[in-house]
Amino acid sequence: MPACQLKFQPIAVYGSYCGDYPMLPVVADFNGDNRLDLNLFCQDNNSINVLLGNGNGTFKIQTTVLPGNINYTSGSAVGDFNNDSQLDLIFTNPPASLVYVLLGNGNGTFELLTVFSTGYGIETQGITVADFNGDSYLDAAIVYHTNNSIAIFLGNGNGTFSALTTFWTGRNSYPTSLAVAYLNNDHYLDIVVSNYFSKSAGVFLGHGDGTFEVVQNYFAGGGNVNPFFTAIGDFNGDTRPDVVIGYDQQNMITVLFTYDNGSLGERARFSVGAATVGHIAVGDLNNDGHSDIVVAESLIAGVFVLFGDGNGSFNGQTIFLTNVFSSYFIEVAVGDFNDDGCQDVVITDAGYGSA
C-alpha cells in the first residue's frame, strides 16, 4: 500500500451539465472498465448523470433523462438488482412517495424498470441496499422519517421488490439516515438509524430472514444537537464496526463504539472545525489501515477530515477549502479516482451546481 499525502487539491470542477442541485454522489464502476465513476441525480435537469472516470481524476459525462418530473430525491443507492452483472440504481422521490429502479446498460446509461410506492403521504429520507434475507438478491432499506419507521423491501432478483415490511424507530423519533453493518457475531446484517427528534442512534439487529428485533435506541444527542447523518467504520481497531453520527447545524460528530452483542456503548464527541456538518463519509485517506471520517463543512464550503489513530481518537485537519463552491449544501464521497492507490474526495455543492 502506498503512503498517501494528506494534502488535497481540486483536479477538476464539473458544473454546467447539472444546473443547480446535483445531489447524492454515488461511487461505483458503472461501465465495467475497472475505473471508478461518479453518479449524480440532477434536480434541475431531471436526469441521472454518470461521470465516467478516465483513471486520472477526470471524467466524461453520460446523461440519462428521466421520465416525468422527479423533482427531488433524498436517497440513492447502487447494486445489481436483476442479476445481469451490471450495476443498477435505486432512488427515492419523497414528495411523490415513490421509489424508482433503473437498470444499468453497462455503459453508464440506465433504463427505467419500475416505480413503486412507499405509501400514501409518507416521505423518505435515506436508502441503502443489502441482502437482508440471505437469498442472494439485493433488498432495500428506506427511512420513513415522517412515519417514525424504516421499511424493508425484499428483492425478487429481477429488479422488482416485494411488498414492504415496516419497523418502528420510536415515538417522535423522526429518523433521517441509516447504515448497514454486522454489529454482533451472528453473521446477519443489522441496521443503524439516526433519530433526529429523539436524539438517538437506533439499532435493529437482523434475524437473517428480512426481519429485525425491536429497535434499541442509544442516546446520541444532548442540548440542542440533533442526529442527522450516519456512517460506519472501525474506529478503535477491535474489528467491530462502530457508528459515527453527524449533527444538523452543529460543528461536531459523535462516535459510538460497538460491543460484541451489537449494543452501542461509550460515546466520544469530536469538533470538526468552526462550520456546520453538511454530510459525512468514511474511508482510509492516508492508508494507515485506520478508518478516517470526512466531514463536509457547509458554511465555509470546505472539508474537514478526522484521521483515525486506530484507538478511537482522531487528529483533525482541514484538507480542502476553495471558493469554487457556494457553501449552500455540500455532500462528500471517497474513492480512488486516479488509480494511485490513495483515496480521493469528491464534493458536490447543491447551490453552485458543481462536483
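Visitor: In what order do the four strands β17, β18, β19 and β20 form an open sheet?

Guide: The structure is a predicted model. In this model the four strands make an open sheet with antiparallel pairing. From one strand to the next, the twist averages 25°. The order is β17-β18-β19-β20.

Visitor: Which strands stand at the edges of that sheet?

Guide: An edge strand here has a single partner strand, so one side of it is left without a neighbour in the sheet. This applies to residues 227-233 and to residues 264-271. The edge strands are therefore β17 and β20.

Visitor: Which residue is the bridge partner of Ile 232 in β18?

Guide: Strand β18 covers residues 242-247 and runs antiparallel to β17, with six bridges joining the two. In β18, the partner of Ile 232 is Val 243.

Visitor: Is strand β21 largely enclosed by the rest of the structure or largely open?

Guide: Strand β21 spans residues 277-283, and buried means under 20% relative accessible area. Five of its seven residues are buried, so the strand is largely enclosed.

Visitor: Which residue in β22 is the bridge partner of Ile 280?

Guide: Strands β21 and β22 (residues 292-297) run antiparallel and are joined by six bridges. Within β22, Ile 280 has as its bridge partner Val 295.

Key: Residues are numbered from 1 along each chain as its sequence is written. This is a predicted model: local features need pLDDT of at least 70, side-chain atom pairs count only at pLDDT 80 or more; totals for chains, interfaces and linings use all residues. Side-chain values use heavy atoms; hydrogens and water are left out. Two strands pair if DSSP finds at least two bridges between them. Axes are lines fitted to C-alpha atoms, for helices over the stretch in contact, and angles run from 0 to 180 degrees between N-to-C directions. Buried means under 20% relative accessible area, exposed over 50%, partly exposed in between (1.4 Å probe, protein chains only).
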